[in-house]
Amino acid sequence: MQQPKRNTWQREAVRAALAEKRGFVSAQQLHQVLRDGGSTIGLATVYRALAGLAESGEADSLQSPEGENLFRSCATQGHHHHLICRSCGDTRELSATVVEEWTQRVAAEHGFTDIEHVVDIFGLCERCRAAA
Ligand SMILES: [Zn+2]
Ligand SMILES: [Zn+2]
Ligand SMILES: [Zn+2]
């Protein structure tokens, strides 16, 4: 018997809406986009779909300095970092060799293995600074 695929269309709708966004968005923001587009999808469903996409590696997730969970469909598949405008949400994907080397070295110095790290930079982009 086939595995029932519940909520597949909702997940696809969330995936498509996320792919159209340039920067990181919260579940609430994406929910509003979907509702504006005529969808009747619920906020809890949007949140579950986003969490699922993040878990399967199809979306990046991070926490804003305010503690809000944000999501983005990144172009880069592998490990990378983000530079995020806290005003407009514009996001750049960064590779940071210096961070990779530093975390490896510091962890090794303390005898840590199997390490991971999260480094995301929040700030004000050039456009938002000019507009301010
Ligand atoms: Zn990313
Ligand atoms: Zn900005
Ligand atoms: Zn890194």
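**Entry 1: His117**

Is His117 buried, exposed or partly exposed? I looked this up before anything else, in a model that is predicted. I found 13 C-beta neighbours inside 10 Å of His117, so this residue counts as partly exposed. The limits I needed were 20 or more for a buried residue and 12 or fewer for an exposed one. I then located His117 in the loop between H4 and strand S6 (120–123).

**Entry 2: The annotation that includes His117**

I consulted the UniProt record next. Its unreviewed entry has a "binding site" annotation that covers His79, Glu100 and His117. These residues span 39 residues in sequence, yet no two of their C-alpha atoms are more than 10.0 Å apart, so I noted that they gather at one spot. I placed Glu100 in helix H4, which is made of residues 97–109. Glu100 has 14 C-beta neighbours inside 10 Å, and I therefore recorded Glu100 as partly exposed.

I examined two of them separately. Cys85 is found in strand S4 (residues 81–85). I counted Cys85 as partly exposed because 19 other C-beta atoms lie within 10 Å, and a buried residue would need 20 or more. With residues up to four places away in sequence set aside, Cys85 touches Asp90, Gly123, Leu124, Cys125 and Cys128.

Cys125 belongs to the loop between S6 and helix H5 (126–131).

**Entry 3: Helix H3**

I turned to helix H3, which covers residues 43–55 and has 13 residues. From its first C-alpha to its last I found 18 Å, close to the 18 Å expected at 1.5 Å a residue.

Which residues of H3 are buried? I found Val46, Ala49 and Leu50. Why do they lie on the same side of H3? They cover an arc of only 100 degrees around the axis, which puts them on the same side. I recalled a general point here: an α-helix has 3.6 residues a turn, so residues three or four places apart point the same way.

I checked what the buried residues of H3 pack against and found helix H1 (8–19), helix H2 (27–36) and strand S3 (69–72). On the other side of H3, I recorded Ala44 and Glu55 as exposed. After H3 comes Gly57, and its phi is positive, near 85 degrees.

**Entry 4: The two domains**

Finally, I looked up how the chain is divided. The domain assignment gives domain 1 (1–74) and domain 2 (78–132). Taken over C-alpha atoms, the centres of domain 1 and domain 2 are separated by 23 Å.

How many residues does the contact take from each domain? I noted eight residues from domain 1 and nine residues from domain 2. On the side of domain 1 that touches domain 2, I listed five nonpolar residues, one polar and two charged.

Note on methods. Residues numbered from 1 in each chain as written. Chains lettered and ligands numbered in written order. Predicted model: local features only at pLDDT ≥ 70, side-chain atom pairs only at ≥ 80, totals over all residues. Helix = DSSP H or I, 4+ residues; strand = E, 2+ residues; numbered from the N terminus. Expected span 1.5 Å × (residues − 1). Arc of directions from axis to C-beta. Contact = placed C-beta atoms within 7 Å. Domains from an automatic or database assignment. Nonpolar A, V, L, I, M, F, W, Y, C, P; charged D, E, K, R; others polar. UniProt positions renumbered as here; feature names shortened; annotations may be inferred.
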